Amino acid sequence: MTDIQTPVGGGRTFAHRWQRGAAGKSSGRGARRAPRWSGRRRERVGQLLFLAPAVVYMLVFYGYPVVKNVVMGFQEYTTRTFFTGEAPWVGLANYREVMSSAIFGKAVANTVLFTVGSIAGQFTVGLLIALFFHRRFPWSGALRSLLLLPWLIPLIVTGAVWKWILDQDNGALNRGLRALHLVDTMPGWLTSTSLALVAVVLVNIWIGIPFNVTILYGGLQDIPEELYEAAALDGATGWRAFRYITWPLLRPVVGVVLVLGVVYTLRVLDIILGLTGGGPANATQTLATQSYQLSFVEFDFGQGAALGNLLVLVSLLCAVIYLRANRRLVDE
Amino acid sequence: MTSTGRLTPLRPATTWRRRSTGAGHTGGWGSTAVAVILLSVMLFPVYWMVNVSVQPGGGGAVATTWLPLHPDLSGYGKALSDQGPHLVTSLVISLGSVVLSLLIAAPAAYALVRFRIPFIQLILLGILVSQMVPGIVVANALYSAYSDLGLLNSTVGLIFADSSTGIPFAILVLRAFLASVPGEVIEAAFVDGAGQLRTFVSVVLPMSRNALVTAGLFTFLFTWSDFLFALTLTTTEDVRPVTLGLYQYIGSYVQDWSAVMATAVMASVPAVVLLLVAQKYVATGTTAGALK
Amino acid sequence: MSRPGARPRTLRILAGACALPLALAACGGGSEGSGGGSSTVKSLRVLDYYSNEPDKAVYQKTLEACGQEIGVTIDREAVPGDTLIAKVLQQSSSKTLPDVLMLDNPDLQQIAATGALAPLSDFDLSADGYAKGVVDASTYQGKLYGLQPVTNTIGLFYNKKLLAAAGVKVPTTWDELRSAAKTLTRGDQYGIAFSAINTYEGTWQFLPFMWSNGGDEKDIATQQTADALQLWVDLVKSGSASKSVVTWSQADVNDQFKAGKAAFMVNGPWQFPVLNEVSGLDYDVAVIPVPKAGMPSVAPLGGETWTVPQTGDASRQAAAAKVVACLNSDANQLALGKARQTVPTKTALLKQFVQENPSMAAFTDAVQTARSRTGELGEGWPKAATKIYTAVQAAMAGGKAPMAALQQAQAG
């Protein structure tokens, strides 16, 4: 955070003092409160009050479900449990069963490919579009908002529409490709085991672009124009301006976009279910869809929760990496 | 080393912005044309949705032509008469969720950026973890709680539940944006005698309008398109968002796609309007003005 | 059984509204035996999945009529099909199960196994005179848990015009099917369309072929099942069926047939209303072809069964049982059958039914030899169903040899 704080003008000493988070000291400086210790106390309480509603909300709405899910991974939780309330403890049996199932290896591979492919595509295209819209041209605002349309559409509708577009015999995509003479045989986007994952990744990229564009665009907007002007005076424009001004100042926003992107993509369920249901022949089965299948189709919630927890662990790893990288950013 | 750099060192950032990357194009109608082409490619599926909604005979993959040559608005008729009240419900819940989320998330994001609070990293991790929890886990847990509290089939209940996707997200995004608010502006406010809350409300919030609108926008979109909580936390038709209303056209055996697509198109309209209105606020960078 | 304080709101309101001291029956803690039959039941909660027209209206009318007969109002919740079981589980755990619960017949065994349903013999209801397959599906460990008023199955729809134009007869054996489909494949029109999707719907469509050839769900890695799977693989390989069958649901298959993109289709009578609306489509239904002439065509039994969950309130359960019995009355079976293109389950009614609904003749015949999915495996059916569609997908989309695909799926 510090690297953005250095202002173009003066006042650096004030900024630094603020950076060290010397909240207590600042209250002393203002000399508004008489005894220093009670002022500090009130200050601290005031600060915590800023945070309190959010913490309470999160604990209520997430704390219990998360804990319950973790515990469920260690229990034999089936339809019977819902009625009788009994869920015998089975320790790591669920995890062992899930990880030794024939689909596990495939699901892991698919998850990795799906996530990496989606994020790479969404982010790159999103950044390029955001940079393009960074300039002002007529209607840029309206056009940029229209870009959010893919997000507005209910996922069930998106799934259905893409399923039609990708249909092998009559879909718009294949009809278009045939009209343009780009292919000889109609590719089976959703019916061929080799193409299905590609198709699903492409649709996910399509859905994810608006999210990336909007946040990155907002981040770009916040970079002060003076920096570009000052750099231009020194002769740094184009790629160099991007590398030395845009990218470093955009890094916190990029970090958030990437980590959230990974976390959301790992969880993606509706679009895969809508397009292929995990098929054909498990070609698009990811850890998330497999967890759903175990829990809500086979009603073995214990195993489904175990798989879900594995997913959360992976996301956790990414989050920790993000936080470490973020902290390093602060220290720089 | 461009000539423009030497000639116009301190031109204010209004209509003409130099580019950081790109081929050095100037803004103008050429860019608009490119943008329109880009949008047409990106939005083709949306066009297809509209196309199917006006196809006669219930639509479907098989017989749909590129252009709706014989438009049939019966799908819209059905959708309008059935889904009108559901649209209003969705709107109320979404706006309520935006207000609630921003109320809770903005101070929290500010606190995480500005204050020296112990366990910040832990709290951040907790927020990130919450994003990893599959929605269905939360929905199932909420069902029992809501059932006991009598919050099922209530707008308020849905507002609180739908905010669960918006709040953590808003905190994370706002935090990233607020990190770029320069410290000296806040210092200045303090020196002028404003308290923490005052500083936050009168100085920081206006400056982060950009970020607030972005976060609010996404919260609105998350809630608008939520299906899971609508399905789980309602048992009657009293409070039914349009995402759930859509399902009455999708049976196990027969699907009335033109009605579904018509509903989806109608459901997108208010959201699009809101988007177009909101984009005005995301247009200008805010800190640039504050420093001048 | 029920947690104190967790009684549904409706009961509390009811208690307040009634003048009689209903505290016994209605207040927290449940009333198992404590109120006996002393509380008058004013309304019953019903849960089903007929969430879209015309089924929704048909059942609303029927339920309300039954409610009037018994003297209760019906408080009904209709949810989308896929979400019913999830809802039932939620309600199980929060002890808010409805009084009358509709279940898709293959789900009954799992739910009965949890103990959530009350045996209907407790209410003097029996399934005498019902088709055997139907009774099997609603029976768990020898006890009857549900009564199913109407059933359906799948048959071979054919486009009369296309068949006549090509001079093709309606096939009755697999070989005839193969050649008929091949002959009728021309241009962008496929000979046949069926659903081989990776859900229970795909399994459902595969069952008549598997069962008619002697295959069994206890062990699918047998030659008979492999031969059935081979038929499907051949139909796709020879181009008579589109490769997209692995992604089609029965609704999608119907869309293909509607648009004239398939001359045959495997589907059920619920499509009649949609097909009848298409102008210029002249179709009819035949029994699904069998491997060799003279063998019986064994199709799966569909339809939903009505159950009485254990809510702990004896008087409510008794009233609910009356509703279930009313739904299964002769008059209602015939009416529902006619309105919903389904077949009554009481064998005595079948003759009259076919007379009144000649379009349902093929399905009525099929129902007589049909089999229920859960008859043999009970709660083990879902796992077997998953294995079946996994094998079908592996053979049709994954390119595996049928026997190998079945063996791998059977092994799990």
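This is a predicted model: local features need pLDDT of at least 70, side-chain atom pairs count only at pLDDT 80 or more; totals for chains, interfaces and linings use all residues.

Modeller: Two strands are taken as paired if DSSP finds at least two bridges between them.

On one side β3(C) pairs with strand β1 (residues 43–48) of chain C, in the parallel sense and over two bridges. In this pairing Val46(C) is placed opposite Val100(C) of β3(C). A further partner of β3(C) is strand β12 (residues 304–307) of chain C, which runs antiparallel to β3(C) over four bridges. There Leu101(C) faces Thr307(C) of β12(C). As a rule, side chains in a regular strand alternate between the two faces of the sheet.

β6(C) pairs with β12(C) in the antiparallel sense, over two bridges, and Leu147(C) stands opposite Trp306(C) of β12(C).

The assignment gives domain 1 as 41–152 + 303–368 and domain 2 as 155–299 + 377–411. Their C-alpha centres are 29 Å apart, and the contact between them takes 14 residues from each of domain 1 and domain 2 of chain C. On the side of domain 1 of chain C that touches domain 2 of chain C, α5 (108–113) and α16 (361–368) of chain C each supply at least two residues. The largest share of that side, four residues, comes from α16(C). By residue type, the side of domain 1 of chain C that touches domain 2 of chain C divides into seven nonpolar, six polar and one charged.

Cys326(C) lies in helix α13 (residues 314–327) of chain C. A residue counts as buried when 20 or more other C-beta atoms lie within 10 Å of its own. Cys326(C) has 20 such atoms within 10 Å and is therefore buried. Setting aside residues up to four places away in sequence, Cys326(C) touches Cys66(C), Glu69(C), Ile70(C) and Asn332(C). Asp313(C), 13 residues from Cys326(C) in sequence, is 20 Å from Cys326(C) in space, C-alpha to C-alpha.

Chains A and B have another make-up. Chain A contains 17 helices and zero strands, while chain B contains 14 helices and zero strands. Of the 332 residues in chain A, 47% are buried; of the 292 residues in chain B, 51% are buried. If one takes the contacts between residues at least 6 apart in sequence, 65% of those in chain A join residues at least 24 apart. In chain B, 77% of contacts between residues at least 6 apart join residues at least 24 apart. As an example from chain B, helix α5 (residues 120–132) has 13 residues and reaches 19 Å from its first C-alpha to its last, close to the 18 Å expected at 1.5 Å a residue. Its buried residues are Ile127(B), Leu128(B), Ser130(B), Gln131(B) and Met132(B).

Chain C also meets chain A, in a contact that takes 21 residues from chain A and 25 residues from chain C. Helix α5 (residues 79–84) of chain A gives the most to the side of chain A that touches chain C, namely five residues. That side of chain A divides into seven nonpolar, 10 polar and four charged residues.

Confidence remains to be stated. The model scores ipTM 0.77 and pTM 0.79. Chain C averages a pLDDT of 85, and 91% of its residues score at least 70. Over residues 1–38 of chain C, however, the pLDDT is below 50, although this stretch has 44 contacts in the model beyond near neighbours in sequence.

Notes. Residues are numbered from 1 along each chain as its sequence is written. Chains are lettered from A and ligands numbered from 1 in the order in which they are written. Two residues are in contact if their C-beta atoms, placed from the backbone, lie within 7 Å. Ala, Val, Leu, Ile, Met, Phe, Trp, Tyr, Cys and Pro count as nonpolar, Asp, Glu, Lys and Arg as charged, and the others, Gly among them, as polar. A residue is buried if 20 or more other C-beta atoms lie within 10 Å of its own, exposed if 12 or fewer, and partly exposed in between; C-beta atoms are placed from the backbone. Domain bounds come from an automatic or database domain assignment. pLDDT is the predictor's confidence in each residue, from 0 to 100. The expected span of a helix is 1.5 Å times one less than its number of residues.
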